[in-house]
Amino acid sequence: MTVEPLRHILSLSGGKDSAALAIYMRDRVPDMEYIFHDSDKELPETYDYLGRLEAILGKPIVKTSPVDTFDHWLAVFGGMLPSNHRRWCTKMLKLKPFENYVGDSPVINYVGLRADEKRVGYISTKANITAVYPFIEDGLIRRDIMQILEDSGLGLPPYMEWGRSRSGCYFCFYQQKIEWVRLYETHRDYFELAQQYEEKAVEFGEQFYWCQNEKLSDLAKPERREQIKRNWEISQARKRAQRKNLALVETLGGMEPEDDPGLRDGCLICSL
């Protein structure tokens with residue numbers, strides 16, 4: 001009986017944590033396979049970031065594009081757009097392509113959860129796939145990840161320059177309202193495509209909103225966008241004040257400040 005060799009696979013999302021993990025593991029696991037689950041609904045900045053990462057790794061990043069597109073699955077699900085309560089997008093466009101790529105061979109899947117995070121992943125439960133968490137095992141936290149990215153010359157994903165906090169589809173329902181505003185101002189064409197999906201959902205008997213309980217057409221109005229920006233600035237000022245108050249406690253108690261929890265929701269396989 002032939003025993004299949006153990007494969008080492010690291011899934012990339014186009015986000016900072018999985019990119020840092022790829023760099024961190026590059027010389028530790030020479031036969032690592034790097035893969036990216038391409039939903040065909042990604043931002044152009046994501047592809048740019050992965051291209052730069054590929055050059056640093058010195059190995060190709062395999063794209064595990066789904067056989068069937070988002071629009072195919074949207075039709076299968078009766079026009080029901082995905083949401084945090086029905087994440088068929090992650091299952092069909094990310095997880096299934098990953099499992100198909102892996103097959104039945106034994107695999108160690110490297111996941112970029114940090115030691116300072118408190119969340120669980122949406123990952124495969126197939127018996128031949130074992131997930132490992134090097135950052136957690138080695139005690140690496142956010143500042144370590146930032147250092148890895150800086151030292152490598154890769155830096156942060158370019159979409160973070162205009163205020164998006166996560167990788168994943170341009171219409172990701174985990175985006176905050178300020179991120180929708182910034183998408184409108186940076187990639188208006190993608191915003192309008194997301195709006196078209198939202199408006200068409202009514203044809204299937206459902207009033208759907210990508211952004212909580214607000215239509216994108218309403219959010220796009222100039223006065224509403226300005227209001228969202230003002231509210232966001234106020235919230236950031238409050239958080240900065242809270243961090244100043246927390247700084248002394250951190251110094252005395254050795255605590256490590258966590259990321260904004262509002263930015264850490266979402267699909268593990270999509271947004272690391």
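1. Basis. Residues are numbered from 1 along each chain as its sequence is written, and side-chain values use heavy atoms, with hydrogens and water left out. Because the model is predicted, local features need pLDDT of at least 70 and side-chain atom pairs count only at pLDDT 80 or more, whereas totals for chains, interfaces and linings use all residues.

2. Overall make-up. The protein chain has 11 helices and 5 strands, these being DSSP runs numbered from the N terminus (helices H or I, at least four residues; strands E, at least two). Of its 272 residues, 50% count as buried, that is, under 20% relative accessible area with a 1.4 Å probe and protein chains only, exposed being over 50% and partly exposed in between. Among contacts (heavy atoms within 4.5 Å) between residues at least 6 apart in sequence, 69% join residues at least 24 apart.

3. Helices 1 and 2. The axes of helix 1 (residues 16-25) and helix 2 (residues 44-57) come within 10 Å and cross at roughly 10°, the axes being lines fitted to C-alpha atoms over the stretch in contact, with angles from 0 to 180 degrees between N-to-C directions. The two helices are therefore roughly parallel (angles under 35 degrees; over 145 is roughly antiparallel, 65 to 115 roughly perpendicular and the rest oblique). Lys 16, Ala 19, Ala 22 and Ile 23 of helix 1 meet Tyr 49, Leu 53, Ile 56 and Leu 57 of helix 2, and these contact residues divide into 7 nonpolar, no polar and 1 charged (nonpolar: Ala, Val, Leu, Ile, Met, Phe, Trp, Tyr, Cys and Pro; charged: Asp, Glu, Lys and Arg; polar: the others, Gly among them).

4. Helices 7 and 8. Helix 7 (residues 177-186) packs against helix 8 (residues 188-200) at about 120°, with the axes 5 Å apart, and the pair is therefore oblique. Trp 180, Leu 183, Tyr 184 and Thr 186 of helix 7 make the contact with Arg 188, Tyr 190, Phe 191 and Ala 194 of helix 8.

5. Glu 99. This residue lies in helix 4 (residues 88-102) and is buried, with a relative accessible area of 12%. Leaving aside residues up to four places away in sequence, Glu 99 touches Ser 124, Thr 125 and Lys 126.
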